[in-house]
Amino acid sequence: MNMKLELDHFFILVEPEAKVAELLIELGLEESFSRVHPGQGTSNRCFNFSNSKLELLWLRDEQEANNGPAKGLRFPERSANALGADSASPFGLIFNRKANNGESSNESSGLQMPFNGWSYQPDYFPAPMAFHIGNNSDNLIEPLCIYIPFMDPVDRVVEEGKFKSISHVHVIIPAAALSEELLATSQSNGLSIECGEEHLMEVTFDQKACGLSKDLRPGLPLILHW
């Protein structure tokens, strides 16, 4: 499992309707779209950048989340037990591969997976467009690790300017050590992960060209640098 990964996008679990999105909008980030995830029991509000995307994700239907194909993601438990040093991680990290190694997305069923896990076929994608979910999904203190095997490598355009592109995402989790699945992703392009005292994400835009930062706690477990 030596596949080279890159962080495609990421999400933060928040309260219903994601009213905390206003914290980002007030800083000048532009909201892109919102979407309902049938069978998953969630909805989102999204902020797109030239090379990534931030989702503010919330639990829309607990029964659907518990009984649909996404029940292994344990969104109800993660949402009910979010934040705090001994609580569930509100983060999800979504990856794709940096190189095809001669394979195409049409052959995704035969692709090597970058970490141990299980297949999640969402209702909102036609088969066989299934996500590969890290086995650490049962370890609620860790972020969900999600790999997109049906997605070909992307030539990302990195635009310059305030909140145009993401340079780096740094994730802190209140754990003594990282699982094998999280270790497998921790060296991905654009991402670093470490153990610390709380659930926290730091996102750096445009190589911090402006030299500014904003701590959005307690509303969001998020610090922005730009």
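The sulfur of C46 lies 19 Å from the closest cysteine sulfur, that of C145, which is too far for a bond. The structure holds zero disulfides, a disulfide being a pair of cysteine sulfur atoms within 2.5 Å. This is a predicted model, in which local features need pLDDT of at least 70 and side-chain atom pairs count only at pLDDT 80 or more, while totals for chains, interfaces and linings use all residues. Residues are numbered from 1 along each chain as its sequence is written, and side-chain values use heavy atoms, with hydrogens and water left out.

**Cysteines**

- A disulfide is a covalent bond between the sulfur atoms of two cysteines.
- C195 is in no disulfide, and the nearest cysteine sulfur, in C145, is 13 Å away.
- C46 has 0% relative accessibility and therefore counts as buried; buried means under 20% relative accessible area, exposed over 50%, and partly exposed in between, with a 1.4 Å probe and protein chains only.
- C195, at 29% relative accessibility, counts as partly exposed.

**Overall build**

- The protein chain has four helices and 13 strands; these are DSSP runs, helices being H or I of at least four residues and strands E of at least two, numbered from the N terminus.
- The radius of gyration of the protein chain is 17 Å, close to the 17 Å that the globule rule gives for 226 residues, so the chain is as compact as a globular protein of that length.
- That radius is taken over C-alpha atoms, and the globule rule is 2.2 Å times the number of residues to the power 0.38.
- The C-alpha trace spans about 45 × 40 × 35 Å along its principal axes.
- Of the 226 residues in the protein chain, 50% are buried.
- The accessible surface comes to about 10500 Å², and carbon and sulfur atoms account for 47% of it; such areas come from the Shrake-Rupley method with a 1.4 Å probe, and for residues only the protein chains shown count as cover.
- Among contacts between residues at least 6 apart in sequence, 62% join residues at least 24 apart, where contact means heavy atoms within 4.5 Å.

**Nonpolar cores**

- In soluble globular proteins, nonpolar side chains tend to be buried together.
- A nonpolar core is a set of buried Ala, Val, Leu, Ile, Met, Phe, Trp, Tyr and Cys residues joined through side-chain atoms within 4.5 Å.
- The largest nonpolar core has 39 residues, of which L24, M201 and L224 touch the most other members.
- Leaving aside residues up to four places away in sequence, L224 touches L24, L27, L29, V203, F205, L212, S213, K214 and L216.
- A second, separate core has 16 residues, including A70, I94, I133 and I148.

**Backbone exceptions**

- Most residues other than glycine have a negative phi, and most peptide bonds are trans.
- A127 and P128 are joined by a cis peptide bond with omega about 5 degrees, and P128 sits in the loop between β6 (117-120) and β7 (131-134).
- R217 and P218 are also joined by a cis peptide bond, again with omega about 5 degrees; P218 is in the loop between β12 (213-215) and β13 (222-225).
- A18 has a positive phi, near 50 degrees, and lies in the loop between β1 (5-13) and α1 (21-27).
- With 0% relative accessibility, A18 counts as buried.
- D206 also has a positive phi, near 45 degrees, and is found in the loop between β11 (200-205) and β12.
- At 19% relative accessibility, D206 counts as buried.
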